[in-house]
Amino acid sequence: MKFINIGFGNMVAVDRVVALASPDSAPIKRLIQSAKDDGRAIDVTCGRRARAVIITDSEHVILSAIQTETIANRLDGENNDSTDDELDEEEA
């Protein structure tokens, strides 16, 4: 299982991430509020402003202070690394 850093030493499992979103739009704000009301919100911003919203397959909503683009790049980096590992194993 691979993890990515989502800020301040917090990690999330790559396989569990369904979507990344910016917290600025009204539908995402409603989603965050609904998750907070239901106890499904996980705030890892350490008191800072949320800059990314991570939605997991268990319908948990994770708020991160790291930019959405940064998290997306980290996800792409993990995907590329696993692809490279698979290619290396096939060549051996």
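Helices (H or I, at least four residues) and strands (E, at least two) are taken as DSSP runs and numbered from the N terminus. The structure is a predicted model, in which local features need pLDDT of at least 70 and side-chain atom pairs count only at pLDDT 80 or more, while totals for chains, interfaces and linings use all residues. Residues are numbered from 1 along each chain as its sequence is written, and side-chain values use heavy atoms, with hydrogens and water left out.

On this basis the protein contains two helices and six strands. Their order from the N terminus is β-β-β-α-β-β-β-α. Of the 92 residues, 32% are buried, where buried denotes under 20% relative accessible area, exposed over 50%, and partly exposed the range in between (1.4 Å probe, protein chains only). The protein exposes about 5,800 Å², of which carbon and sulfur atoms supply 47%; accessible areas were computed by the Shrake-Rupley method with a 1.4 Å probe, and for residues only the protein chains shown count as cover. Of the contacts (heavy atoms within 4.5 Å) between residues at least 6 apart in sequence, 51% join residues at least 24 apart.

Four strands form an open sheet in the order β3-β5-β6-β4, with mixed pairing; two strands are treated as paired if DSSP finds at least two bridges between them. Strands β3 (17–21) and β4 (41–43) are the edges of this sheet, each pairing on one side only. On average, neighbouring strands are turned by 20° against each other, direction ignored. Axes here are lines fitted to C-alpha atoms, for helices over the stretch in contact, with angles running from 0 to 180 degrees between N-to-C directions. Helix α1 (residues 26–38) lies across β3, β4, β5 and β6 (61–64), and runs at about 115° to β6.

Strand β5 (residues 52–56) is antiparallel to β3, and four bridges join the two. Within this pair, Val17 stands opposite Thr56, and Ala19 has Ile55 as its bridge partner. Strand β5 also pairs with β6 in the antiparallel sense, again over four bridges, with Ser64 in β6 as the bridge partner of Ala52. Five of the five residues of β5 are buried, so the strand is largely enclosed by the rest of the structure. In a regular strand the side chains alternate between the two faces of the sheet. In β5, Ala52, Ile54 and Thr56 point one way, whereas Val53 and Ile55 point the other way, and all are buried. The hairpin of β5 and β6 has four residues between the strands, and Glu59 takes a positive phi near 65° there.

A search of the whole structure gave two salt bridges, defined by a side-chain nitrogen of Lys or Arg within 4 Å of a carboxyl oxygen of Asp or Glu. One is formed by the side chains of Arg16 and Asp57, at 2.6 Å from N to O. Arg16 lies in the loop between β2 (10–13) and β3, and Asp57 in the loop between β5 and β6, so this pair ties together parts that are 41 residues apart in sequence. Arg16 is partly exposed at 38% relative accessible area, and Asp57 is likewise partly exposed, at 44%. The side chains of Arg40 and Asp38 also meet in a salt bridge, at 3.4 Å from N to O. Asp38 is exposed, with a relative accessible area of 52%.
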